[in-house]
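Me: I would like to go through this structure with you. Could you take my questions one at a time?

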Amino acid sequence: MTGQHDDPLDATAQTSTGGPALTRKQLLRAALVAAPLPILLAGVPALARDGDALDPTPVCDDGDDETPPQMEGPYFKPDSPQRAAIATGLPGTRLTVSGYVFGTSCQPIAGALLDFWQADSAGAYDNVGYRLRGHQYTNAQGAYSLTTIVPGLYPGRTRHLHVKVQAPGRPVLTTQLYFPGEPRNATDSLYDPRLLMTVRSVAGGREATFDVVLEVPGVPPTTPPATPPSTPGGTWAVGQVYAVGAQVTYGGAAYRCLQGHTAQPGWEPPNVPALWQRL
Ligand SMILES: [Fe+2]
């Protein structure tokens, strides 16, 4: 991808039900933030900024919440150029859309293709050339960032972006992304609130986030055992299911589990204070 990240938004927030429980995705984000790993170096968007409590959609927490497909519509064109900035030189309200592509275990998917197309600020598609069309690939952390303009309205539809998303070697998901607060959301039969982006106004335009969840299995299992072991082994281990109150040792220190979860690489107790309290 051509790549400039325009300070993408974070999308950590409460669950969609407003409850206090952390979703797996939030835990994953916490792990990405906390892990002192080389993967967190150049090109990685800022994550988990405390002041940006925005509601992610969809919530990746139970393995059955893949991003829903939507019709392609009449304006897709194959062979779009590879670029993350698709509106260079065009009039309109500047818009960045950023997020992650996850599998159903909330594992980030690197190298996933995202092919965007959209109307211009007057509601017109370029069906001759490739204006407002472009594809890119997620980075090693599964992140993408699109630089564009807010699409205009055209008859019969609410405001939307089109995108195709494909994990390497997997089927293509074709869908559309929507803007909150649009009057036509109530009357567009295609509109789906599960496809709402989180959008906020910023100096010079708008910033949006949306995380795509593809039907790609991964580690850890999407369905943890119904009855977590009551006394996990004395040493923390990847793949182990930990219940609240479970105690482990790691690096010579003892920790108590604060949130039930399945341990993943990068979630080592000293890295994820949201999960583990040192005793
Ligand atoms: Fe459209």
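Me: Let us begin with a pairing. How many bridges do β11 and β12 share, and in which sense do they run?

Reply: Strands β11 and β12 (residues 253–257) pair over four bridges in the antiparallel sense. Within this pairing, Val248 stands opposite Tyr255 in β12. Please bear in mind that this is a predicted model.

Me: Which sheet do they belong to, and what is the strand order?

Reply: They belong to an open sheet of three strands, ordered β11-β12-β14, with antiparallel pairing. One side of β11 (247–250) and one side of β14 (276–278) lack a neighbour in the sheet, because each of these edge strands has a single partner. On average, neighbouring strands of this sheet are turned by 40° against each other, direction ignored.

Me: What is the order in the open sheet of four strands?

Reply: That sheet runs β3-β2-β5-β6, again with antiparallel pairing. Its edge strands are β3 (133–137) and β6 (173–178), each of which pairs on one side only.

Me: How many bridges join β5 to β6?

Reply: Six bridges join β5 (residues 160–166) to β6, and the two strands are antiparallel. His160 stands opposite Tyr178 in β6.

Me: And the loop between those two strands: which residue there is worth a look?

Reply: Arg170 lies in that loop, between β5 and β6.

Me: Is Arg170 buried, exposed or partly exposed, and why?

Reply: Arg170 counts as partly exposed because it has 15 C-beta neighbours inside 10 Å; a residue needs 20 or more to count as buried, and 12 or fewer to count as exposed.

Me: What does Arg170 touch beyond its sequence neighbours?

Reply: Not counting residues up to four places away in sequence, Arg170 touches Leu214 and Val216. The C-alpha atoms of Arg170 and Ala112 are 9.4 Å apart, although the two residues are separated by 58 places in sequence.

Me: Changing topic: what partners does β1 have, starting with β8?

Reply: β1 pairs with β8 (residues 205–209) in the parallel sense over five bridges, and Arg94 stands opposite Gly205 in β8. With β4, β1 pairs in the antiparallel sense over seven bridges. There, Val97 has Leu146 in β4 as its bridge partner.

Me: How does β7 pair with β8?

Reply: β7 (residues 198–202) pairs with β8 in the antiparallel sense over five bridges, and Val202 has Gly205 in β8 as its bridge partner. The hairpin of β7 and β8 has two residues between the strands, and Gly204 takes a positive phi near 90° there.

Me: Back to β4. How many of its residues are buried?

Reply: Seven of the seven residues of β4 are buried, so this strand is largely enclosed by the rest of the structure. Ala143, Ser145, Thr147 and Ile149 point one way, whereas Tyr144, Leu146 and Thr148 point the other way, and all are buried.

Me: Which residues touch the most other members in the largest nonpolar core?

Reply: They are Val101, Val165 and Met197, in a core of 37 residues. The elements giving two or more residues to this core are β1 (94–102), β2 (113–117), β4 (143–149), β5, β6 and β9 (212–213). The largest share, five residues, comes from β1.

Me: What is Met197 in contact with?

Reply: Leaving aside neighbours within four places in sequence, Met197 is in contact with Val97, Leu177, Tyr178, Phe179, Ala208, Thr209 and Phe210. There is also a second, separate core of eleven residues, which includes Trp236, Cys257, Val272 and Trp276.

Me: What about the chain overall: how many helices and strands, and what share is buried?

Reply: The protein chain has one helix and 14 strands. Of its 279 residues, 40% count as buried. Of the contacts between residues at least 6 apart in sequence, 69% join residues at least 24 apart.

Me: And the confidence: what is the mean pLDDT, and where does it stay under 50?

Reply: The mean pLDDT of the protein chain is 79, and 72% of the residues reach 70 or more. It stays under 50 over residues 1–22, for which the model has 58 contacts beyond four places in sequence. It also stays under 50 over residues 221–233, with 17 such contacts. Where pLDDT is low, the predicted coordinates should not be read in detail.

Key:
Residues are numbered from 1 along each chain as its sequence is written. This is a predicted model: local features need pLDDT of at least 70, side-chain atom pairs count only at pLDDT 80 or more; totals for chains, interfaces and linings use all residues. Two strands pair if DSSP finds at least two bridges between them. A nonpolar core is a set of buried Ala, Val, Leu, Ile, Met, Phe, Trp, Tyr and Cys residues joined through C-beta atoms within 7 Å. Two residues are in contact if their C-beta atoms, placed from the backbone, lie within 7 Å. Axes are lines fitted to C-alpha atoms, for helices over the stretch in contact, and angles run from 0 to 180 degrees between N-to-C directions. pLDDT is the predictor's confidence in each residue, from 0 to 100.
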